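User: Please give a close account of the packing in this structure, starting with contacts along one chain and then following one part of the packing in detail.

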Amino acid sequence: MKHRCAFCGMEFTDEQGISACGSCPLSNCNLVKCPNCGYESLPEAKSLSFIKNLFSKNKTKQD
Amino acid sequence: MELQLNQKTMENHSIITDRKASAASCHHADAGKKEGEAKKWIALTGQPNVGKSLLFNRLTGSRAAVSNYPGTTVAVDKGQITLGTERYGIWDLPGMYSLLPITEEERVAKLALLEERPSYILHVVDAKNLTRMLPLAMELSETGMKVILVVNMMDEAEKEGIKIDFQKLSKEIGIPVVPTVAVSGKGMNQVLYHILNYERKNHHEVIPFDENIESGLQEISKILSEDYTIHQRSIAQLLLQKDEDMHTWIKEKEPENYTHITSIIEKTEEMLQESLVYMMKIKIHEEAKRITQAVTTIDKKKRINIGEKLNQLMIRPITGVPILLLVLYFVLYKFVGVFGAGTVVDFVEGKLFGEYINPAIANAVENLVGIEALQQLIIGEYGLVTLGLTYAIAIILPVVGTFFLAFSAIEDSGYLPRLSLLIDRLFKKIGLSGRAVIPMVLGLGCDTMATIVTRTQETKRERVIATLLLALAIPCSAQLGVIFALLAPFPMALLVWVLVIFANFMFVGFIASKIMPGQRPTFFMELPPLRVPKISNVLSKTYTRIIWYLKEVLPLFIIASVVIWLLQITGVFPHIINGLEPLVAGIGLPNDTADVFFFGFFRRDYGAAGLFQMQDMLNANQLAISAVVLTLFVPCVAQLMVMFKERGAKTAIGIFLLVLVLAFSMGGLLNFILNTLNITL
């Protein structure tokens with residue numbers, strides 16, 4: 001999946017967005033880190049992806 | 001249609017030389033190609049979103065095969081085109097911003113250019129943003145390769161009243177320039193014409209670096225004894241900028257000269273006030289700006305570029321600071337503080353939880369659970385429902401929900417990088433740079449996460465100062481929202497809180513930067529365009545953040561409730577509170593606020609929620625003092641653990657003690673001043 005850094009605009013892939021949670025003792029939130037500026041963002045929530053997929057499937061069926 | 005790539009891996013790359021390695025390389029490059037496939041190839045390069053792929057489709061008729069670059073997972077689109085009697089392969093290389101790569105994709109694009117020796121490079125740029133686009137074009141021109149500058153999106157540029165003198169641009173940059181509109185296919189014939197009739201002057205030095213850097217470039221260029229496919233000056237530029245691939249190549253190729261080259265790099269760097277990369281990037285961008293201004297005219301009547309005007313207003317201190325204050329006032333104070341932590345919390349906590357949910361659960365528990373201790377665990381003063389669930393859902397969720405909504409909109413608009421530039425000068429006074437805006441802004445979401453992000457700071461000194469300031473003076477979103485809600489009815493108390501926190505931030509940062517040795521930080525970044533936030537993006541980000549926050553906060557609030565319940569039934573809790581009471585009494589607060597500070601150590605927002613529930617017991621002066629102490633108070637358990645891990649035990653303990661002493665000292669001082677001067681906020 002491609003990401004666009006919300007801070008510097010850099011485009012990068014999942015692999016390049018280093019998970020920043022490695023050293024955090026409490027969370028496992030799989031943040032994605034921009035390789036250019038270090039800004040972190042959350043990957044899309046699974047439930048949101050599920051809803052989006054549901055709608056896109058419905059739309060495809062209608063088409 | 002697929003072009004077979006040679007099978008060498010990334011690890012085995014070595015720069016191709018004309019004289020010694022070209023034959024081997026050609027053999028190598030052609031070895032895997034199928035019969036009848038093109039031997040010459042054209043590289044399509046450019047930043048993302050400049051219409052590169054559209055141009056690729058126009059040239060190849062959309063017949064593309066995708067395969068990974070050897071030894072990587074980076075995909076490269078490949079197609080073919082026949083020009084005259086010859087067939088050419090066309091590779092749509094990954095988007096790149098510079099020859100100095102940051103991502104693997106950029107590195108692949110660079111390696112393909114330097115290793116696979118394209119016959120021609122079509123470098124595509126966005127006509128509307130020449131200043132941002134020209135640096136890479138200039139770097140490519142300096143390589144001496146056959147580059148054609150394709151100035152795309154001319155239709156959009158013309159709509160904005162932008163006119164470009166292409167002849168002048170070609171002269172300035174030393175390569176042919178072709179205007180195109182890839183969407184409609186306009187200019188494609190000109191592109192093909194320039195490929196078939198390629199003309200460029202002898203090597204053209206496009207970027208005039210400062211004297212010291214020029215001297216370093218010349219010295220290195222003279223030392224390089226092999227014949228390379230790119231110009232020595234271009235190689236020297238990459239070496240000075242410490243490009244890892246180039247250093248590996250030259251070390252392998254010319255081991256006898258490598259030590260001398262590194263000594264020239266060190267000597268050059270010593271003569272500069274800032275880092276070599278920074279100085280060279282700045283110069284390249286200055287030159288790009290100069291060339292753009294020299295070749296571009298803008299019909300101001302036609303061009304109503306609000307984005308550009310806003311951009312300038314946001315980064316100039318005289319206008320940027322008032323804009324920042326407006327953003328803080330409307331977004332944090334009005335929306336998060338007054339609306340989120342006030343109106344919404346009143347409804348959810350007061351109505352939903354206070355009148356319906358909590359009484360219903362209390363009733364059910366009293367009827368169903370016979371053991372009193374268990375009843376206490378669920379619905380007691382510090383119970384799972386009365387404390388954990390109510391704090392997490394009824395108080396914190398509306399606050400962070402409104403904060404995340406506002407923050408996502410700000411983030412999507414492109415304001416944050418402008419904020420970095422605006423406060424770069426201010427941050428330099430406290431040993432940081434505009435780069436530190438990233439952890440500071442993320443700290444408003446969660447200070448623990450932001451402490452980890454301090455890794456992105458350039459020097460150890462910056463990392464320690466940023467960690468200290470995060471622990472001391474950056475409240476998390478929930479804490480901030482609750483404080484705004486608490487102090488909103490008392491504007492003077494709010495002003496005092498803002499001034500005390502800001503003064504602490506600056507003073508402690510300033511002292512830390514004086515005590516800690518280290519170089520002055522440097523900061524440079526390209527600004528992405530400003531845009532109107534997309535509602536779908538904002539909602540999607542807000543939803544994702546709320547889900548993340550709930551996943552994180554709910555279990556912790558429940559654990560905290562259980563721990564407090566355990567401490568209470570074992571009789572430890574009252575002792576801890578008793579121990580804290582003299583401290584809170586010393587700063588003029590009622591004994592009950594000791595609970596708040598103890599909660600705050602579990603999580604900052606937990607403490608904030610506690611203070612919120614206690615607001616009726618406190619006057620304006622006490623609210624201001626407790627807000628100051630709670631903001632400056634020691635970081636939560638998670639943040640403390642990360643501080644230990646990231647900065648080491650000595651630094652973490654030092655910061656912890658400093659913050660603890662400062663928090664209560666500031667509270668005491670504020671109480672003393674207010675009482676002595678008989679001020680009622």
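Analyst: In chain A, residues 24 or more positions apart account for 35% of the contacts with a separation of 6 or more, a contact being a pair of residues whose C-beta atoms, placed from the backbone, lie within 7 Å. The model is predicted: local features need pLDDT of at least 70 and side-chain atom pairs pLDDT 80 or more, while totals for chains, interfaces and linings use all residues. Residues are numbered from 1 along each chain as its sequence is written, with chains lettered from A and ligands numbered from 1 in the order in which they are written.

Chain A has one helix and five strands, in the order β-β-β-β-β-α along the sequence. Helices (H or I, at least four residues) and strands (E, at least two) are DSSP runs numbered from the N terminus. Of the 63 residues in chain A, 35% are buried; a buried residue has 20 or more other C-beta atoms within 10 Å of its own, an exposed one 12 or fewer, and a partly exposed one a count in between, with C-beta atoms placed from the backbone.

Strand β5 (40-41) of chain A is one of the elements against which the buried residues of α18(B) pack. Nine of the nine residues of this helix, 437-445 of chain B, are buried, so the rest of the structure largely encloses α18(B). Among them are Met440(B), Leu442(B) and Gly443(B). From chain B, the partners of α18(B) are α17 (415-428), α19 (447-453), α20 and α21 (477-487).

Helix α20(B), residues 460-473, in turn packs with α29(B), residues 649-676, at an angle of about 40 degrees, their axes 10 Å apart. Each axis is a line fitted to C-alpha atoms, for helices over the stretch in contact, and angles run from 0 to 180 degrees between N-to-C directions. The crossing of these two helices is right-handed, that is, the near helix is turned clockwise from the far one by less than a right angle. Val464(B), Thr467(B), Leu468(B), Ala471(B) and Leu472(B) of α20(B) meet Thr651(B), Ile655(B), Val659(B) and Leu662(B) of α29(B).

The largest nonpolar core has 133 residues, and Leu487(B), Trp497(B) and Ala624(B) are among those touching the most other members. Such a core is a set of buried Ala, Val, Leu, Ile, Met, Phe, Trp, Tyr and Cys residues joined through C-beta atoms within 7 Å. Helix α16(B), residues 384-413, contributes its largest share, 19 residues. Beyond its neighbours within four places in sequence, Ala624(B) contacts Leu487(B), Ala493(B), Val496(B), Trp497(B), Leu670(B) and Leu681(B).

How values were computed: Contact = placed C-beta atoms within 7 Å.
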